[in-house]
Amino acid sequence: MDHAIRAEGLVKRYGETTALDGVDLAVRTGTVLGLLGPNGAGKTTAVRVLATLLQPDAGHATVGGYDVVRDAHRVRQLIGLTGQYASVDEALTGTENLLLIGRLLGMSRRAAKARARELLARFQLEDAASRAAKTYSGGMRRRLDLAASLVGRPALLYLDEPTTGLDPRSRLELWGLVRSLVADGVTVLLTTQYLEEADQLADEIAVIDEGRVIATGAPDELKAKIGARCLAVRPADDADVPAVISVVGELAGVAPEVEGRLVTAPVTDSALLPAVVRRLDDAGVVITELALRNSSLNEVFLSLTGHPAGETEQADDTEGVLV
Amino acid sequence: MTAASVTANAPATPESAARVGPIEGLRQTATLAWRTLVQIKHNPWELGDFSFQPIMFVLLFTYVFGGAISGSTGAYLTFALPGIIVMNMLFVTMYVGMGLNTDLTKGVFDRLRTLPLARWAPLAGRITADLVKQAWSIVLLLGVGAILGFRIGTSVVELLAAVGLILVFALAFSWVSVLVGVLAADPEKVQIFGMTALFPITFVSNVFVPIETMPGWLQAFVNVNPVTLLADASRGLMVGGPVAGPVIGSLLWATAIAAVFGPVSVWAFKRRV
Ligand SMILES: Nc1ncnc2c1ncn2[C@@H]1O[C@H](COP(=O)(O)OP(=O)(O)O)[C@@H](O)[C@H]1O
Ligand SMILES: [Mg+2]
């Protein structure tokens, strides 16, 4: 299977800051890559390099087989970008914004108008179509921005934190949209700080932290790589919690975490589930919940980076103190 | 947001072009110029800025200072209007920088750069739109002047030559505006620059007051001020009087400004984006 995007050893520095520190990425045609990382990890910088907006200091990347630096113009004929911050012309109406893009892409006036109308309807902006974009709400601007990146029916779409700041309903709608684009054969590179979002949408996840890709794989693979499944047991009675802790702790070989009556511990061997049931039964403990589940991506991130997602700054501070 | 028809079933054209042809580039420039002009529709104060403001200047200077400076308002209008047109041209060039800065700070420029456009089209689009605004204000000022008693003392050909010269200078001076637009943190800063730099330059010229009334040390500066030269050239071509010297001086200034600020602006621009 061929790769729509290939990046090797991308480096980008801003003075003292190394935004990208040797990033390798490969996105198969027609799939979704979720670039998952906390604030400041280098997601936007990576997207900007792949969208020909920034030239890397080292390394190279191809999009649709074209080099993003030498063949930038050809790459631009393939891509659509919805940046982290909406980039619409606030002085133009919704229709005019889309018309502008269509005309710039060489569409006839009629084709551009038809495409604008179609997209405005799709993104529920018909009522606001002839209002200046500066009167739009944040969510409307986002939708218009996304519509603008789809005018030319790009084969590749970059979405930089598309759901940050959206309400849960809009987020679900956007997920639906991404899925339908992928069903139509579009390759998507999506950056996100939300582990659930990457899990939901991505065929493959690349975890990025401090300008480096620290893990890649399918969501399930990634979880398997960490080896962690999670055993969760909740007794019916508060008084049984210590007994549960001791049984789970003994079988899992690590000290369990306790949250209220819920006792959890990472386990590697799923065969110990029957043993847990038997031992608790022997002890006369009544259980209301018993589960063996895959670790959440949050737990994956924690075990990969040593700090929870979104807490780089804190980690940086600690490093600063240690150095 | 069911996206059934937000499809991308047509992948990119197999033989994509390596670069944009000049005709296509000009078409893109026209589209981008349209975009700059159509927003006046939603932002009518901008029209006011380059229409009512210069008219107000004409009225104020003609009726408040005219009598004192030239003896009669009609005589003063004939003296001052060509220079007021020049001054207004300089202020209108600031829209290039303000628009450019808005595009840079609001991310519109990023969107444009992800499209397969000629590299020069976005800038050329702005400058084309600016020239349309310039032509509009010149016609407007001449019209208002005619109503108030300004009379062309030369021929239509010379009048058109004056307008052409002013537009050529506007084109050169746009590079200053581009540089300010690229360097400024936000559009308001561009406007502040316009006010603080252009007011002294235009007032320390012979636009409003004959040069003989000024102290000698100031005359030395006023005499080489490009605004003076361009105002003199415009007066010569519209009203009558010496033409060759001021026209050559204006063109030399325009060339020098473009030669210095053109490359510097392009360099600063590439650094910023
Ligand atoms: N234009 C810039 N100038 C200086 N530093 C920058 C610039 N853009 C990004 N950075 C720095 O590079 C790092 C990565 O930023 P970014 O790619 O925006 O991260 P993310 O999108 O993952 O939040 C951050 O430390 C950020 O401060
Ligand atoms: Mg970002």
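Reply: A definition to start with: two strands pair if DSSP finds at least two bridges between them. Also keep in mind that this is a predicted model.

Me: OK. In the hairpin of E12(A) and E13(A), which residue takes a positive phi?
Reply: A:Gly260, with phi near 65 degrees. The hairpin has two residues between the strands.

Me: How many bridges join E12 to E13(A)?
Reply: Three, and the strands run antiparallel. E12 covers residues 257-259 of chain A. One of the facing pairs is A:Glu259 with A:Leu262 in E13(A).

Me: Which sense does E11 take when it pairs with E13(A), parallel or antiparallel?
Reply: Antiparallel, over five bridges. E11 spans residues 229-235 of chain A. Across that pairing, A:Ala232 stands opposite A:Thr264 of E13(A).

Me: Why is E13 of chain A called largely enclosed?
Reply: Five of its six residues are buried, so the rest of the structure largely encloses E13 (residues 262-267) of chain A.

Me: New topic: the metal. What coordinates the magnesium ion?
Reply: Two residues do: A:Thr44 through OG1 and A:Gln84 through OE1. The distances are 1.9 to 2.1 Å.

Me: Where do A:Thr44 and A:Gln84 lie?
Reply: A:Thr44 is in helix H1 (residues 43-50) of chain A, and A:Gln84 is in the loop between strand E6 (79-82) and helix H3 (94-104) of chain A. The pair therefore ties together parts that are 40 residues apart in sequence.

Me: Is A:Gln84 buried or exposed?
Reply: Buried, because its relative accessibility is 17% and the cut-off for buried is under 20%. A:Thr44 counts as partly exposed, at 26%.

Me: And ligand 1? Which residues surround it?
Reply: Among them are A:Tyr14, A:Thr17, A:Pro38, A:Lys43 and A:Thr44. H1(A) gives the largest share of the shell, three residues. Strand E2 (17-28) of chain A also supplies at least two.

Me: Which polar side-chain atom lies 2.5 Å from an oxygen atom of ligand 1?
Reply: One on A:Thr45. The backbone takes part too: a polar backbone atom of A:Gly42 is 3.0 Å from an oxygen atom of ligand 1, and one of A:Ala41 is 3.1 Å from a ligand oxygen atom.

Me: How much of ligand 1 does the protein bury?
Reply: The protein buries 62% of the 560 Å² that ligand 1 exposes when taken alone.

Methods. Residues are numbered from 1 along each chain as its sequence is written. Chains are lettered from A and ligands numbered from 1 in the order in which they are written. This is a predicted model: local features need pLDDT of at least 70, side-chain atom pairs count only at pLDDT 80 or more; totals for chains, interfaces and linings use all residues. Side-chain values use heavy atoms; hydrogens and water are left out. Donors are N, O and S atoms within 2.8 Å of the metal (3.2 Å for Na, K and Ca); water is not among the atoms, so sites may look incomplete. Helices (H or I, at least four residues) and strands (E, at least two) are DSSP runs, numbered from the N terminus. Buried means under 20% relative accessible area, exposed over 50%, partly exposed in between (1.4 Å probe, protein chains only). A residue is near a molecule or strand if one of its heavy atoms lies within 4 Å of it. A polar contact is a pair of N or O atoms within 3.5 Å; within protein, one must be able to donate a hydrogen and the other to accept it, and residues adjacent in sequence count only if both atoms are side-chain atoms. Accessible areas come from the Shrake-Rupley method with a 1.4 Å probe; for residues, only the protein chains shown count as cover.
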